[in-house]
Amino acid sequence: MYNCTVLFFINRVVAVYGTLSDLLSVASNKLGIKATSVYNGKGGLIDDIALIRDDDVLFVCEGEPFIDPQTDGRAQEELTGSHTDWLTLNVGGRYFTTTRSTLVNKEPDSMLAHMFKDKDAWGNKQDPRGAFLIDRSPEYFEPILNYLRHGQLIVNDGINLLGVLEEARFFGIDSLIEHLEVAIKNSIPAPPHPHKEEFLPNIPPKPDLQIHCTLGADLSRLDLRYINFKMANLSRCNLAHANLCCANLERADLSGSVLDCANLQGVKMLCSNAEGASLKGCNFEDPSGLKANLEGANLKGVDMEGSQMTGINLRVATLKNAKLKNCNLRGATLAGTDLENCDLSGCDLQEANLRGSNVKGAIFEEMLTPLHMSQSVR
């Protein structure tokens, strides 16, 4: 005995006997489609014709998910996350009005997409006007929002690209990060008088990128973060005001070079030769806690006056005849360091490790923190 299902088409009634496959075949012929699935009025998938009740309203589809026509497609909109409702953001006190789809669709894996893809999923805080609060810089956020709107990087004059880059990294806008790195690369001016064989291309910082230079090159004010200068010849180079954050200068020749006011946070200078170099006013101090490492370096006669060197590692380094006046050496490792005839007047040596160091002839006048016998200097 076969089940009988009655299908109502426009101006037509058709009886179907047999299985679900027979029902789909009839629906395909009558509707001119390739029917693959049958749903009841509540969106339940029917996989056996015996489950169909006399008063059921059936929906036939070609494979797409069930959409209740009475909801005007809202279920599909929620399924895909393509919300188009308007919302207002309060970014650092400045208001931006945009749509949820702008924040979600272009970069679906970004922080902004996760914040606004599902309503209240992140428990976003709102101000009295109902705007979502985001504690970031509005100046740098505006180019990011415009990029999400139309896919173009447009930055007004006077806006620091590095600031926009940091915001793009914070929000996880990966495709914009690549655009900004290229823009920053193109905006860095070339050295004023490069030598023919000594020109160092302005490139965005990348770890493990190794550069070899010849002596006397002018690399002042360049962004050289993370670059690998291991065993490079940088003798008598001009690196004043250069950004060498986390650069690798292990066993590099820096003799006679000028690094005044350079950023040397987290730099690696193990066993490097910086004899006679000038490092006045340099910053070795990384607020994140990453320590600069100059262990075993040759720093004879260097001028490091006024440098910030909190927590620096100068273990077994040679600083004979060096000028360290008014340096911040708080918590520095100076164990086994040769400080003979060094000028350490005005230095902050609180909590510094001077065990086994050679301080013969060193000047400690006006030192901010007196040496203690427990530090075992010789």
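Biologist: How many residues does helix α1 have, and how far does α1 reach from its first C-alpha to its last?
Modeller: Helix α1 (residues 20-31) has 12 residues and reaches 16 Å, close to the 16 Å expected at 1.5 Å a residue, where the expected span is 1.5 Å times one less than the number of residues. Before we go on, this is a predicted model, in which local features need pLDDT of at least 70 and side-chain atom pairs count only at pLDDT 80 or more, while totals for chains, interfaces and linings use all residues. Residues are numbered from 1 along each chain as its sequence is written, and side-chain values use heavy atoms, with hydrogens and water left out.

Biologist: Which residues of α1 are buried?
Modeller: Leu20, Leu23, Leu24, Ala27 and Ser28 are the buried ones, where buried means under 20% relative accessible area, exposed means over 50% and partly exposed is in between, with a 1.4 Å probe and protein chains only. They sit on the same side of α1, because they cover an arc of only 135 degrees around the axis, the arc being that of the directions from the helix axis to the C-beta atoms.

Biologist: And what is exposed on the other side of α1?
Modeller: Ser21 and Asn29 are exposed there. Just after α1, Gly32 takes a positive phi of about 70 degrees.

Biologist: Stepping back, how many helices and strands are in the protein chain?
Modeller: The protein chain has 7 helices and 7 strands, counted as DSSP runs numbered from the N terminus, with helices being H or I of at least four residues and strands being E of at least two. Along the sequence the pattern reads β-β-α-β-β-α-β-β-α-α-β-α-α-α.

Biologist: What share of the chain is buried?
Modeller: Of the 378 residues in the protein chain, 42% are buried. The accessible surface comes to about 20400 Å², with 49% of that belonging to carbon and sulfur atoms, as given by the Shrake-Rupley method with a 1.4 Å probe, where for residues only the protein chains shown count as cover.

Biologist: Let's go to α7; which of its residues are buried?
Modeller: Leu176, Ile177, Leu180 and Ile184 are buried in α7. They lie on the same side of α7, since they cover an arc of only 100 degrees around the axis. The buried residues of α7 pack against α5 (138-150) and α6, whereas the face turned away from the buried side carries the exposed residues Glu178 and Asn186.

Biologist: What does Arg169 pair with?
Modeller: Arg169 forms a salt bridge with Glu166, the closest N and O atoms being 3.1 Å apart, and another with Glu181 at 3.5 Å, N to O; a salt bridge here is a side-chain nitrogen of Lys or Arg within 4 Å of a carboxyl oxygen of Asp or Glu. Arg169 lies in helix α6 and Glu181 in helix α7 (residues 174-187), so the second pair ties together parts that are 12 residues apart in sequence. Arg169 and Glu166, by contrast, are 3 residues apart in helix α6 (residues 161-171), which means they are separated by about one helical turn.

Biologist: How far apart are the closest N and O atoms of Asp348 and Arg330?
Modeller: They are 2.8 Å apart, and the two residues form a salt bridge. Both Asp348 and Arg330 lie in the segment after α7, so the pair ties together parts that are 18 residues apart in sequence. Asp348 counts as buried at 9% relative accessibility, while Arg330 is partly exposed at 34%.

Biologist: And which residues touch the most other members in the largest nonpolar core?
Modeller: Phe284, Leu294, Leu319 and Leu329 do, in a core of 52 residues; such a core is a set of buried Ala, Val, Leu, Ile, Met, Phe, Trp, Tyr and Cys residues joined through side-chain atoms within 4.5 Å. A second, separate core of 26 residues includes Leu89, Phe96, Ile173 and Leu176.

Conventions:
Contact means heavy atoms within 4.5 Å.
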